[in-house]
Amino acid sequence: MKVLRKIIKIDEALCNGCGQCILACAEGTLELVDGKAKVISDNLCDGLGACIGECPTGALTIERREAEEFDEIAVEKRLAEMERNKPETTSDTMACGCPSTQIMDFGAQKADRPPFETDIEPLSASELTHWPVKIRLVPSNAPFLKNADVLILADCVPAAYPDLHQRLIKGRAVMMGCPKFDDVQLYLDKFEKIFMHGGIKRMTTVIMDVPCCSGLHHIVRKAREASGVKIPLEEIIIDRRGMVIEKKLIS
């Protein structure tokens, strides 16, 4: 039954798909669809606007219009469905059989690689010590995460930051992803498990100075909070010319 009531309105022209509103919605009302936040069903939105303050672009507002009544039972079913769809605790890699999901530790093998005389050889040695690196492919219990200093990179950072290996990757376990185009809830669940079970020493997130990147910092903070584990978080922002424009430590 439709009634006149308050409900969330999303301006798609302003939405950058960062996903921060999704994390703030306790009812599971919002999803990213084609890179934009959307209310998936009116009866899941209570219209209170807890998500509004998390939006960095002002895309979310409250409007008063005819909509289906808020349905707490539907919300319970929605949250239960989301819980069932969470990745398994023991193994949260993609079940695709892809060679890229095979865990490899080749840190000790780097010195044994034969040199090649080509015009595309790197000017300095790679500091990467493991595979895979994509957040979606790295299991939360990967051995290279144990007691590690973990580096979370937004996908565009390697293209912009020229000193990536020596300044950021060296001595760290690396994970990469895009908070705009990947599954925000998957990221949140995976990082929470890593905080809880990895025994990591520190986590550093590095993003670009674009709105769609900002969700990555927020996801990591929320995951640490949900895990109850208190370790230092470092947050770094790189501009599109490859300069570090902000760095802060959250103890």
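Modeller: Let us begin with a term: buried means under 20% relative accessible area, exposed over 50%, and partly exposed in between, with a 1.4 Å probe and protein chains only. This is a predicted model, in which local features need pLDDT of at least 70, side-chain atom pairs count only at pLDDT 80 or more, and totals for chains, interfaces and linings use all residues. Residues are numbered from 1 along each chain as its sequence is written, and side-chain values use heavy atoms, without hydrogens and water.

Colleague: Which residue other than glycine has a phi near 55°?

Modeller: Most residues other than glycine have a negative phi, and most peptide bonds are trans. Asp34 has a positive phi, near 55°. Asp34 lies in the loop between strands S2 (30-33) and S3 (36-39); strands (E, at least two residues) and helices (H or I, at least four) are DSSP runs, numbered from the N terminus. Its relative accessibility is 78%, so Asp34 counts as exposed. Asn147, in the loop between S6 and S7, also has a positive phi near 55°, and is partly exposed at 45%.

Colleague: Which peptide bond is cis?

Modeller: The bond from Trp131 to Pro132 is cis, with omega near 5°. Pro132 belongs to the loop between strand S6 (130-131) and strand S7 (149-154).

Colleague: How many residues of helix H5 are buried?

Modeller: Of the 14 residues of H5, 10 are buried, so the helix is largely enclosed by the rest of the structure. Among them are Val184, Leu186 and Phe195. Just after H5, Gly199 has a positive phi of about 60°.
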